[in-house]
Amino acid sequence: MNSTPLWLSSLTLAAAGGWLAATMFAAPATSKEPRFPQLTMAQLDAKQKPLGEQIMKVSSVGIGGPYNPMIRSPVLGQRLFDLFYYLRWETSVPTKLNEFAILIIGRQWRSQVEWFAHAPLAAKAGLSSDIIAELKANKRPSKMAEDETAVYDFVTELTTTKKVSDETYARAKKLFNDQQIVDLTALAGNYVMVAMLLAMAEETVPPDKQEPFRPGEP
């Protein structure tokens, strides 16, 4: 398994620390009891702790976000984590396009945590601020490169029409090989599942951070 880049380790560990500190010490935004109270590393049992340690090395939200409910089922959680790891850091899809695809899914679901975690990573990977801003505003980005357009159309068509047209597939095939097309498809499906976990568990951003999508916005 390839080692995580140094800058990513530093970024994610710093963010993880901020997430946990905010979760543990800030007052809750509402009086409603959380469906899955935020776990800390000290609370993990012998089955959960090895997974928690792996998560802390790479996660921008520590063991918050989707990991908070996921770690309750540690066998499933480990298998999902291994899938996440491949789809994030070992995939055949270039990082910028990978993060773009994640943001497309996050925007479709208005997933606060997905957007909060991945918009900075997409920008770091080279996705333009204009594309990120227009996508966040629920608009088709107007100034995409050919490969970005192919990813946007492929992922959007697949997730909204439940199929990929011959024309859209042909444009993707011109730019990407078979492995990349399969990996991109799996990534989209994976982050729909992540959005579902987050929605079910009512996970949100750290209490001291602003949610990306405000009430009343499209």
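Glu-202 comes out partly exposed in this predicted model, at 38% relative accessible area (buried is under 20%, exposed over 50%, partly exposed in between; 1.4 Å probe, protein chains only). Its partner in a salt bridge is Arg-35, with the closest N and O atoms 3.2 Å apart (a salt bridge being a side-chain nitrogen of Lys or Arg within 4 Å of a carboxyl oxygen of Asp or Glu). Arg-35 sits in the loop between helix H1 (6–25) and helix H2 (49–58) and Glu-202 in the segment after H10, so the pair ties together parts 167 residues apart in sequence. Helices here are DSSP runs of H or I, at least four residues, numbered from the N terminus. Arg-35 is partly exposed too, at 47%.

The structure holds 9 salt bridges. One of them joins Arg-171 to Asp-153, at 2.8 Å between the closest N and O atoms, linking helix H9 (residues 166–175) with helix H8 (residues 146–161). Asp-153 is buried at 14%, while Arg-171 is partly exposed at 25%. Arg-171 also meets Glu-167 in a salt bridge (2.7 Å, N to O); these two are 4 residues apart in H9, about one helical turn. Shared partners join Arg-140, Asp-153, Glu-167 and Arg-171 into one network.

Overall, the chain has 10 helices and 0 strands, and 45% of its 218 residues count as buried.

Residues are numbered from 1 along each chain as its sequence is written, and side-chain values use heavy atoms, leaving out hydrogens and water. Local features need pLDDT of at least 70 and side-chain atom pairs 80 or more, whereas totals for chains, interfaces and linings use all residues.
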